[in-house]
Amino acid sequence: MVEITIISGKGGTGKTSLTAAFAHLASNHVICDLDVDAPDLHLILKPENEYLEEFFSGHEAIIDQNLCSSCGECLERCKYNAIKETPEGLMVDLLACEGCKVCVHFCPVGAIEFPMRRCGQWYLSKTRFGPLVHAQLFPGEENSGLLVSLLRKQARGMAEKENYNLILSDGAPGIGCPVISSLSGTDLAVAVTEPTPSGSHDLERVVNLCEHFKIPVGVIINKFDINLDQVKKIENFCQDHGLSLVGKLPYDHAFTEAMVQAKTITEYQSGDLAEEIGRIWARIEALAQLKKAA
Amino acid sequence: MIIALASGKGGTGKTTVCASLVRIWDKPVQAVDLDVEEPNLALYLKPELSGRLISEMEIPVSDQEKCTACGACSEICQFKAITVLGEYLLTFPEMCHGCGGCLAVCPEGALSLGARELGEVLWGQAGEIDFLMGRLRVGEAMSPPLMRDVKKRLDSSRDVIIDAPPGTSCPAINAVKDADVIVLVTEPTPFGFYDLKLAREAFTPIGKPMGVVMNRTGFGDAGAYDYCRATGLPILLEIPYDRRVAEKYSQGEVIADALPEFRGRFIELAARIRELAAGDLKEVSNG
């Protein structure tokens, strides 16, 4: 079984549109949306949910105003400035609370409750291209990394049990907690970039992250015709870092038109663009097998 | 006044709008890049940096000699960052959230303060613009504590314009929660609409006025417009799709400077943002 994760560093480079096209082109696979914060893959894949589970992770502190003596011990000890003085008494700002339990432990009158935090939901679904494992983190929640790990575990379990030989995942933008959780132990990361200063800058950082975790990387340059000088720079970067450039795609409104119709670009049209995406996918599969074997 | 430019979806043009807005904004103004995972504002404003500090998180360092393996530290730790294995005390610095709980409960004084590098805080000048940014160390998972260190240098004596990270989880909330007004940059596509909805839901509890910049208009669909109308989210500015914008951006240029016909739109946006902050927004088209 092979795991391929599509990432980008910078948002808006076409990561999800391409993942959806690859989901269409691949066979015998489980699809996984690891961008749990702003998941978009389902907008194209239109999944039928078959299973739903609440995601609880960590705890949150809540002060019981009937018991609180307003001594301020919690206020002093909280490293996250999450305790606020209000006219109604001391209150916990749940957007700032990280659930560390320090206030709960040191409250001299036991006035702080510490319930589990409901952070989101995750789903097992059916799509026209195969099963989809996905989730929605509730707005403003943390622990997205744990939710990403949970989804990957579900996808792996499903692949092993039902003999799927590929897990194709759409990762999150950035280089922080959800991205690190998406990458650890994946066989191949494919970074989708664009020839702009932000595109190359963010590619460099996300490639450094992959190198840090010893994950092989393939690169796709999307919207390549916007700036050929920048393309050259990215190509040089790939060469210097021993990265495989798996393809280049032009700036094309067809991506948006396909999205509006909830289709993958490869379903929406069958011209040059779709053919090139087909070739790119074939290279990615071959590269993943190669890296897995190594 | 603090203005935060945010978006659910990445790549909608947040940094493009931010760079142009600070350029035309009445000085003095401070531009702040809080997208510490992928900070890009400096690539466009090209500031001369004059200061730098390393941001660190306080983590425990164990003294095996003093430890009696009582387990109080691992009991309070909610992040699996410290544990007692047999007689041995193990710490996992990369898991630590820096709450200080273990240090506070250790009865033997077997833990002392150490540090984990989170990244750097950088500042300088881009002409008349004060510039400030954070840059997360590659391999570091937690951006909110670094963002807190960046925010300590916000200059409240002037207007502050923040480029926030995309998304709606903890880093995004941390970037916008002290703002006086939140500007959501989106595009009229199904992805743009869905992520705009998530962002509005995430930021509504903060209780600050919000408005929308609709970028790359002229194709896509009506979902995001319908949503703005239905929820009363004002559209402060529309930027029609123009290939020249993408090309200038790819050359590292600021749109308000490179394409004079767009400059007026950003001046208009600045006026709208001031009205929105003052609670007296006039004549908004709303699509």
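Let me start with where the two chains meet, which in this predicted model is a contact that takes 61 residues from chain A and 57 residues from chain B. The size of an interface is often given as the accessible area lost when the parts come together. Here the area buried between chain A and chain B is about 4900 Å², and carbon and sulfur atoms give 59% of that area.

If you look at the side of chain A that touches chain B, the elements that give two or more residues include α1 (15-25), β9 (130-137) and α7 (197-212) of chain A, and the largest share, nine residues, comes from α7(A). Sorted by class, that side of chain A has 25 nonpolar, 22 polar and 14 charged residues.

Is A:Glu141 buried or exposed? Its relative accessibility is 11%, and because buried means under 20%, A:Glu141 counts as buried. The side chain of A:Glu141 makes a polar contact with the side chain of A:Arg117, at 2.9 Å. Leaving aside neighbours within four places in sequence, A:Glu141 is in contact with A:Arg117, A:Arg118 and A:Cys119 in its own chain, and with B:Thr168, B:Ser169 and B:Cys170 in chain B.

Key: Residues are numbered from 1 along each chain as its sequence is written. Chains are lettered from A and ligands numbered from 1 in the order in which they are written. This is a predicted model: local features need pLDDT of at least 70, side-chain atom pairs count only at pLDDT 80 or more; totals for chains, interfaces and linings use all residues. Side-chain values use heavy atoms; hydrogens and water are left out. Contact means heavy atoms within 4.5 Å. Buried area is the accessible area (1.4 Å probe) that two parts lose on being put together, summed over both. Helices (H or I, at least four residues) and strands (E, at least two) are DSSP runs, numbered from the N terminus. Ala, Val, Leu, Ile, Met, Phe, Trp, Tyr, Cys and Pro count as nonpolar, Asp, Glu, Lys and Arg as charged, and the others, Gly among them, as polar. Buried means under 20% relative accessible area, exposed over 50%, partly exposed in between (1.4 Å probe, protein chains only). A polar contact is a pair of N or O atoms within 3.5 Å; within protein, one must be able to donate a hydrogen and the other to accept it, and residues adjacent in sequence count only if both atoms are side-chain atoms.
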